[in-house]
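This briefing concerns one protein model and its helix packing, nonpolar core and backbone features. The sequence and structure are shown first.

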Amino acid sequence: MSAERESVIGVALDLTADAHVHTGFAAGRDAVGVVVSAADLAGLSAVTFADQVGPETTWLPAYADSIRRAQRRTELRLRIAGEVEVVRPDGWLALPADLGHLEALSVAVSGLPTAAGVHGPREVRGMLAAGRLTADQVAEELVTATVRGIERASRYAPTQLARPLCLLAQVGLDDAVLGPDLIDALAVACRDTGTVVEISEAWRSPSPRLVALLRAAGVAMVPASDARYAGEVGHWQYLRRV
């Protein structure tokens, strides 16, 4: 193992930075200012706002302005990002019309993108039960869509990978279904695109095994509460275990 790779593995996560929080603009419940105050009380030094955005999103200017106003009133470093979904096997992203307000993209794969559309966890479980999909097919298609999604996103902005491969657990598959080739493909894509992998407190994703394998492969990782409520920002239980 190279000295560079060893140094990546040995670096502890900076738990004073929360790389993914939500607000009342989308999936969250609280205003930007309330989230910032909670982050300050939690002892954080940096927060990335990553509300869910897509082609129908019209509030990005107001969202960005709210975060910029909050930045003027705090010493915390605030970053404006958006969470975008991979919606096709080729990595096509459901992007908002204007990316100019965003400093980063957090890429999520909440369903299984196929030629017939995106299949949610319940549909995928049914397809597995009916024998229309195998566990190996789900793993390969999910990793392929994820890799292509972060490659596409990285053309537009610095990229993060949100709750990576969490669909596996949602459909009842252990991540042992991910063979060395698939893990290597994901790791290479993250390194080549500069994508950082979020370790999600809310989603308990990725698993401790996958965290260890990605870190051993030299992939940069960051703590992410994925908080919907201000009181959840910067509070770590799962993160401290992994």
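Helices H5 and H7 are roughly parallel to each other, since angles under 35 degrees count as roughly parallel, over 145 as roughly antiparallel, 65 to 115 as roughly perpendicular and the rest as oblique. The model is predicted: local features need pLDDT of at least 70 and side-chain atom pairs count only at pLDDT 80 or more, while totals for chains, interfaces and linings use all residues. Residues are numbered from 1 along each chain as its sequence is written, and side-chain values use heavy atoms, with hydrogens and water left out.

**Packing of H5 with H7**

- H5 and H7 pack at an angle of about 5 degrees, with their axes 10 Å apart; axes are lines fitted to C-alpha atoms, for helices over the stretch in contact, and angles run from 0 to 180 degrees between N-to-C directions.
- Helices (H or I, at least four residues) and strands (E, at least two) are DSSP runs, numbered from the N terminus.
- On the H5 side, Ala139, Glu140, Val143, Thr146, Val147, Ile150 and Glu151 meet Leu182, Ala185, Leu186, Ala189, Cys190 and Thr193 of H7, where contact means heavy atoms within 4.5 Å.
- By class, nine nonpolar, two polar and two charged residues make up the contact of H5 with H7; Ala, Val, Leu, Ile, Met, Phe, Trp, Tyr, Cys and Pro count as nonpolar, Asp, Glu, Lys and Arg as charged, and the others, Gly among them, as polar.

**Packing of H7 with H8**

- Helix H7 (residues 180–193) packs against helix H8 (residues 208–216) at an angle of about 60 degrees, and their axes are 10 Å apart.
- That angle makes H7 oblique to H8.
- The two helices, H7 and H8, have a right-handed crossing; a crossing is left-handed if the near helix is turned anticlockwise from the far one by less than a right angle, and right-handed if clockwise.
- Ile183, Leu186 and Ala187 of H7 meet Arg209, Leu210, Leu213 and Leu214 of H8.
- The contact of H7 with H8 has six nonpolar, no polar and one charged residues.

**Nonpolar core**

- The largest nonpolar core has 69 residues, of which Phe49, Leu178 and Leu214 touch the most other members.
- Helix H5 (residues 135–153) gives the largest share of this core, eight residues.
- A nonpolar core is a set of buried Ala, Val, Leu, Ile, Met, Phe, Trp, Tyr and Cys residues joined through side-chain atoms within 4.5 Å; buried means under 20% relative accessible area, exposed over 50%, and partly exposed in between (1.4 Å probe, protein chains only).
- Not counting residues up to four places away in sequence, Leu214 touches Ile183, Leu186, Ala187, Val197, Val219 and Met221.

**Backbone features in loops**

- Most residues other than glycine have a negative phi, and most peptide bonds are trans.
- Arg163, in the loop between strand E7 (159–161) and helix H6 (167–170), has a positive phi near 30 degrees and counts as buried at 5% relative accessibility.
- Arg204, in the loop between E8 and H8, has a positive phi of about 50 degrees and is partly exposed, with a relative accessible area of 38%.
- A cis peptide bond, with omega about 0 degrees, joins Ser205 and Pro206; Pro206 lies in the loop between strand E8 (196–200) and H8.

**Surroundings of Ala26**

- Ala26 lies in the loop between strand E1 (17–21) and helix H2 (32–41) and is partly exposed, with a relative accessible area of 32%.
- Not counting residues up to four places away in sequence, Ala26 touches Asp51, Gln52 and Trp59.
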